[in-house]
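Please look over the model shown here before reading on. My notes follow as numbered points.

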Amino acid sequence: MSFVNSSIPIKYTFSGHDSFQCRFFWLKKGYDFVYNNKSFNDEDAVVQLGVGRNMVNAIRFWLKAFNITDTNDNLTEFGNRLFNDDGWDPFLEDEASLWLLHFQLVKNNLASIYNIIFNDFRKEKVLFTKESFVNYMKRRRETEGSFYLNESTIANDYDVFIKTYKSADDDSKDIEDSFSGILSELNLLEKVVVEHDDRKKEVFLQIPYNEKDEIPKEVLLYSILDNPEYGMAISLNSLAYDSNSPGSIFSITQSGLVNKINEIVTDSDLLIYNDHAGIKELQFKRKTSANSVMDRYYGK
C-alpha cells in the first residue's frame, strides 16, 4: 500500500482513554452529565458519574471520540438526537444505533486508530496482530514523515481497539477483559487460528469483509448523506473504497453495497442506481438530511 507523502503535518490522535475501553452505559451517563450542565473538571464529577477519576477522563474522551460532544465538551446534534431521553435510542436497544456509533467513531477520527484500521490497515493486512499494526504505523511514519509515533502508546491503543469490538473473556484475569466492548455485537472482529506444517499455531485477528446483510439500509443511506465529499452522483467504486465510505467503514463488499442500494431505491423516490454501459453509480434526484432518514427509522 502507498501512503500520501506531504509536507503538511497529518493530524493523528492517540491515547486519551487511560486504557479503558468504552463501557456500554458510559455514553448515556456522560451525555446526561453534560446535558445537566455539569463539568468534568468539577470536584464532584467522580461522585456524579459514580466512577474513579481516570474513568471520568475516559468517559470524557469517548464522548468526543463518538461525536456525542465536540472538542469543547458541548453536546453535538448527533449526541442530542441519539441520547436525549426522547431521542432516537438513548439506551442503545436497537443494533442500528451501534452501527451509527461505529460510523461516527471511524469518521470522526478523534481516536485515529479506528479511522486508520478501517480505512487503510485492514485492506493491506487481512490477518493481523498487534505487532503487524505497530510495524504498519512505523512504516506510515517513515513514509509520511510528519507525525510523532510512540510505539507503546500505539500498542496500548491497539489493545483498547480490540476490547471495543470483542466479547467479554470469562477466563481472563484482567478485570478490563471481563467487560464486553460497546461495539462487540457488530461482530466486526474475528479470531483466526493458522496452523503451520510444524503444527505451530498462530493467532490472528481479522475484520470480516462480507455483504453485511444485517446493516439496516437506513444506516447505509445515513453514512452516504453524512459524507460531505459525496455529490449528487457517486460511483460504486467510491462507495466501496474511498476513505470514510460505507464500504470502508462497514467492511462491506460491492455486492453487499448493491444489495443495500437496491433496497434503498425500492423504498425511496430520492435516488436511482444506474448500472448501464459500464457506469455503476448512485444518483440522487434530490437529497434529504441524514438525520431525517434516521428520524423515520426510529419513528421520531
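1. Start with burial. Buried means under 20% relative accessible area, exposed means over 50%, and partly exposed lies in between, using a 1.4 Å probe and protein chains only. Trp88 has a relative accessible area of 6%, so Trp88 is buried.

2. A word on the basis. This is a predicted model, in which local features need pLDDT of at least 70 and side-chain atom pairs count only at pLDDT 80 or more, while totals for chains, interfaces and linings use all residues. Residues are numbered from 1 along each chain as its sequence is written, and side-chain values use heavy atoms, leaving out hydrogens and water.

3. Next, the ring partner of Trp88. Rings of Phe, Tyr and Trp (its six-membered ring) pair if their centres lie within 6.5 Å; planes under 30 degrees apart count as stacked, over 60 as edge-to-face and the rest as tilted. The ring centres of Trp88 and Tyr298 are 5.6 Å apart and the planes meet at 15°, so this pair is stacked. Trp88 sits in the loop between helix 4 (77–83) and helix 5 (95–108), and Tyr298 in helix 13 (residues 290–298), 210 residues apart. Helices (H or I, at least four residues) and strands (E, at least two) are DSSP runs, numbered from the N terminus. Tyr298 is buried too, at 15%.

4. The structure holds 27 aromatic pairs. One of them, Trp62 with Phe66, is tilted, at 5.9 Å centre to centre and 40° between the planes. Trp62 is buried at 1% relative accessibility, and Phe66 is buried at 0%. Both belong to one aromatic cluster, whose members include Phe61, Tyr114 and Phe118.

5. Three strands form an open antiparallel sheet in the order 3-5-4. Two strands pair if DSSP finds at least two bridges between them. Strand 3 (233–235) and strand 4 (271–276) are the edges, each pairing on one side only. Six bridges join strand 4 to strand 5 (residues 279–284). Asn274 has Glu281 in strand 5 as its bridge partner.

6. What packs on the sheet? Helix 9 (residues 217–225) does, touching strand 3, strand 4 and strand 5. Contact means heavy atoms within 4.5 Å. The direction of helix 9 makes about 85° with that of strand 5. Axes are lines fitted to C-alpha atoms, for helices over the stretch in contact, and angles run from 0 to 180 degrees between N-to-C directions. Nine of the nine residues of helix 9 are buried, so the helix is largely enclosed by the rest of the structure.
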